Amino acid sequence: LLIEQGLRLCIENQELFVYYQPKVHVAEHKLYGVEALLRWKHPQLGFVSPAAFIPIAEEAGMIHALGDWVLESVCQQLRRWDEEGIEVGTASMNVSLKQLEHMDYKDRVLSTLERYSIHPSRLELEITESIAMCDQEHILHTLNELHEQGLKLSMDDFGTGYASLSYITLYPLNTIKIDRTFVEATTVSDQIKLIDMIISMTHQLGLEVIAEGVETVEQMEYLQARQCVLMQGYLFSKPLPANEFIIWLHQYE
Ligand code: G
Ligand code: G
Ligand code: MN
Ligand code: NA
């Protein structure tokens, strides 16, 4: 209840922040893009995880306002980085099923990008397998239209949901994000075969593949040896406020 009440005021009380986590191209030692992650600093509770408050925001119908705020904030930041001559590649945002169900979603995304003069190809939506399981014509239509405008689409937490694999060719995906549970398990033999399979599947389908949750040099080398060169995780950087992210970038590149 404390969370639900707090959510109603978090935007006007300026308690929300967007953190950015780098995605890197390991072979080229270059930044590939950033993932935007929402952070909420509650006046009493301190930082509350989106894993805790997003489901509550969805229930209470506040996810659309939060999603709009994130979209606006990311576009504003991309614009600022453009003006400063800082190249960050594509910025991705997490979107939930509830957000995509909204009839206006596509128009709100496109009009916000236009307002900040950002080409749609600079923005990526991270969806999860729950979206693929819901089988809604409307969502597929929305994603197809956004894709036609140039927006990128990635499947987050790949391999952890219960969707049938057929969605992979049904949805206009650019990228598969290998869930960190598969990356963590690169020392367990059965799991190793799974991650090998996922990587070779994405290569055969002509999709980009990125590994999430990379924390050790061993994991990085394992992935690189299998031609999975895009990575994200604490080994490179945790999610950071925009200004700290730029400091990280100067040191990295
Ligand atoms: O970064 P962190 O571990 O706190 O993220 C926890 C979960 O919250 C992740 O599943 C992430 O995808 C989700 N999340 C983070 N930011 C957003 C956001 O802006 N919108 C939605 N829908 N989910 C988010
Ligand atoms: O569901 P999604 O993949 O969007 O969630 C991303 C979450 O994973 C974020 O909360 C982020 O803070 C967290 N994260 C990012 N890198 C790492 C990592 O290397 N290890 C762990 N344990 N979590 C990570
Ligand atoms: Mn994500
Ligand atoms: Na994930």
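**Arg180 and its surroundings**

I began with Arg180, which has 19 C-beta neighbours inside 10 Å and so counts as partly exposed. My cut-offs, with C-beta atoms placed from the backbone: 20 or more other C-beta atoms within 10 Å of a residue's own make it buried, 12 or fewer make it exposed, and anything in between is partly exposed. Before going on I noted that this is a predicted model, in which local features need pLDDT of at least 70, side-chain atom pairs count only at pLDDT 80 or more, and totals for chains, interfaces and linings use all residues. Residues are numbered from 1 along each chain as its sequence is written, while chains are lettered from A and ligands numbered from 1 in the order in which they are written.

Arg180 is found in helix H9. I take helices (H or I, at least four residues) and strands (E, at least two) as DSSP runs, numbered from the N terminus. Setting aside neighbours within four places in sequence, I find Arg180 in contact with Glu212 and Gly213; contact means that the C-beta atoms, placed from the backbone, lie within 7 Å. I also checked Asp157: it is 23 residues from Arg180 in sequence, and the C-alpha atoms are 7.4 Å apart.

**Whole chain**

I counted twelve helices and ten strands in the protein chain. The radius of gyration is 18 Å, close to the 18 Å that the globule rule gives for 253 residues, so the chain is as compact as a globular protein of that length. That radius is taken over C-alpha atoms, and the rule is 2.2 Å times the number of residues to the power 0.38. The C-alpha trace spans about 50 × 45 × 40 Å along its principal axes. Buried residues are 32% of the 253. Of the contacts with a separation of 6 or more, 66% are between residues 24 or more positions apart.

**Strands around E2**

I followed E2 (30–42) next. Strand E1 (residues 16–25) pairs with E2 in the antiparallel sense over ten bridges; for pairing, DSSP must find at least two bridges between the strands. Gln21 stands opposite Glu35 in this pair. The two strands form a hairpin with four residues between them, and His29 in the turn has a positive phi of about 50°.

E2 also runs antiparallel to strand E3 (residues 46–48), joined by three bridges. His42 faces Gly46 there, and the hairpin linking E2 to E3 passes through three residues. With E4, E2 runs parallel over four bridges, and Val34 has Ala91 as its bridge partner.

**Two ligand shells**

Which elements give two or more residues to the shell around ligand 1? I find strand E2, helix H2 (50–59) and strand E4 (90–94), with H2 giving the largest share, three residues. A residue is near a molecule if its C-beta atom, placed from the backbone, lies within 6 Å of it. Among the residues surrounding ligand 1 are Leu37, Leu38, Ile54, Met93 and Pro239. By class I get nine nonpolar, three polar and no charged. Here Ala, Val, Leu, Ile, Met, Phe, Trp, Tyr, Cys and Pro count as nonpolar, Asp, Glu, Lys and Arg as charged, and the others, Gly among them, as polar.

Around ligand 2 there are 13 residues, of which Asn94, Gly213, Glu215, Gly233 and Tyr234 come nearest. That shell has four nonpolar, four polar and five charged residues.

**Helix H11**

In H11 (residues 217–225), I see Gln219, Met220 and Leu223 buried. Down the helix axis these fall within an arc of 100°, so they line one face of H11; the arc is that of the directions from the axis to the C-beta atoms. Their cover includes helix H9 (180–184), strand E8 (208–211) and strand E9 (230–231). On the other side of H11, Val217, Glu218, Glu221 and Ala225 are exposed. Just after H11, Gln227 takes a positive phi of about 65°.

Gln14, in the loop between helix H1 (2–9) and E1, has phi near 55°. Ser117, in the loop between helix H5 (105–115) and strand E5 (123–127), has a positive phi of about 50°. Gln14 is exposed, with 9 other C-beta atoms within 10 Å, and Ser117 is exposed with 10.

Note on methods
Contact = placed C-beta atoms within 7 Å.
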